[in-house]
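Visitor: I am new to reading structures. Could you take me through one, feature by feature?

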Amino acid sequence: MTLTLTTTSVEQTRTLGTALASLLVPGVVVVAAGGLGAGKTAMAQGLASGLGVTDRVTSPTFTLLASHDAHNERGIRTMLHADLYRAHSGEEVDDLAIGEMVESGAVCFVEWGDRAPDVFGSERVFVTITQGQDQDERTISIANHSTVITDQDLHRVLGAWVR
Ligand SMILES: Nc1ncnc2c1ncn2[C@@H]1O[C@H](COP(=O)(O)OP(=O)(O)OP(=O)(O)O)[C@@H](O)[C@H]1O
Ligand SMILES: [Mg+2]
């Protein structure tokens, strides 16, 4: 199922990320696509806040992958945050071993994840952010390709954002 949502401020995109976090369980990878300045990091920040991450979350552009301790009732102890903008090859992305890490209980948010969508295991949620008509407007599509998040739950938590 794909939901198409609209936000009109960076705060709303963060809040949307926090709402999405409430659906995550260990093993899920959020594969985020969207151009420079689309709002991927903003959504990652909201997601982090919903997972009880207290670190400041920025784009891990120069390291490709950052790991944050998380504290929440769903047993997610680690939020990985990847940014593949500067990844040179699929092999380099493979070497990050994101699939293995989420299998042992982490979740991951991957900026520019559409560059290597198939290396993250099977529990994926695809997020695509595009610029809307106004400067602060974004169209955000969320496609659930996981078996652990039901379409019903996705609709319950995010349905209010559908315009
Ligand atoms: N509705 C909105 N949602 C998200 N960000 C918005 C929105 N409106 C304006 N912005 C602005 O757009 C920018 C989004 O920046 P952000 O770093 O999150 O983008 P990004 O997709 O991670 O880019 P990059 O590919 O460079 O990492 C911020 O400056 C933010 O204030
Ligand atoms: Mg970013």
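Guide: We will go through the metal site, the ligand shell, a helix and a few single residues. This is a predicted model: local features need pLDDT of at least 70, side-chain atom pairs count only at pLDDT 80 or more, and totals for chains, interfaces and linings use all residues. Residues are numbered from 1 along each chain as its sequence is written, chains are lettered from A and ligands numbered from 1 in the order in which they are written, and side-chain values use heavy atoms, with hydrogens and water left out.

Visitor: Which residues coordinate the magnesium ion (ligand 2)?

Guide: Start with the rule. Donors are N, O and S atoms within 2.8 Å of the metal (3.2 Å for Na, K and Ca); water is not among the atoms, so sites may look incomplete. Here the magnesium ion (ligand 2) is coordinated by Thr41 through OG1, Ser59 through OG and Glu111 through OE. The distances run from 2.1 to 2.5 Å. Along the sequence, these donor residues follow the spacing T-x17-S-x51-E.

Visitor: Where do Thr41 and Glu111 lie?

Guide: First, the naming. Helices (H or I, at least four residues) and strands (E, at least two) are DSSP runs, numbered from the N terminus. Thr41 belongs to helix α2 (residues 40-50) and Glu111 to strand β5 (residues 107-111), so the pair ties together parts that are 70 residues apart in sequence.

Visitor: Are Thr41 and Glu111 buried or exposed?

Guide: Buried means under 20%, exposed over 50%, and partly exposed in between (1.4 Å probe, protein chains only). Thr41 is buried, at 19%. Glu111 is buried too, at 2%.

Visitor: How many residues surround ligand 1?

Guide: A residue is near a molecule if one of its heavy atoms lies within 4 Å of it. For ligand 1 there are 18 such residues. The closest are Thr13, Gly37, Lys40, Thr41 and Asp136.

Visitor: What classes of residue make up the shell around ligand 1?

Guide: Ala, Val, Leu, Ile, Met, Phe, Trp, Tyr, Cys and Pro count as nonpolar, Asp, Glu, Lys and Arg as charged, and the others, Gly among them, as polar. The shell has five nonpolar, nine polar and four charged residues.

Visitor: Which polar atoms approach ligand 1?

Guide: A polar contact is a pair of N or O atoms within 3.5 Å; within protein, one must be able to donate a hydrogen and the other to accept it, and residues adjacent in sequence count only if both atoms are side-chain atoms. A nitrogen of ligand 1 lies 2.6 Å from an N or O atom in the side chain of Thr13. A nitrogen of ligand 1 is also 3.1 Å from a polar backbone atom of Ser9. An oxygen of ligand 1 is 3.2 Å from a polar backbone atom of Ala38. Taken alone, ligand 1 exposes 650 Å², and the protein buries 73% of that. These areas come from the Shrake-Rupley method with a 1.4 Å probe; for residues, only the protein chains shown count as cover.

Visitor: Which element gives the largest share of the shell around ligand 1?

Guide: That is α2, with three residues.

Visitor: Why is α2 said to be largely enclosed?

Guide: Count its buried residues. Eight of the 11 residues of α2 are buried, so the rest of the structure largely encloses it. Among them are Lys40, Thr41, Met43 and Leu47. Contact means heavy atoms within 4.5 Å. The cover over the buried residues of α2 includes α1, β2, β4, β5, β6 and β7.

Visitor: Now a single residue. What does Arg124 touch?

Guide: Arg124 sits in strand β6. Arg124 is buried, at 15%. The Arg124 side chain reaches the backbone oxygen of Pro117 at 2.7 Å. Leaving out residues up to four places away in sequence, Arg124 touches several others, including Val29, Val31, Asp118 and His145.

Visitor: What about backbone angles?

Guide: Most residues other than glycine have a negative phi. Leu64 has a positive phi of about 70° although it is not a glycine. Leu64 is in the loop between α2 and β3, and is buried at 7%. Trp112 also has a positive phi, near 60°. Trp112 is in the loop between β5 and β6, and is buried at 13%.
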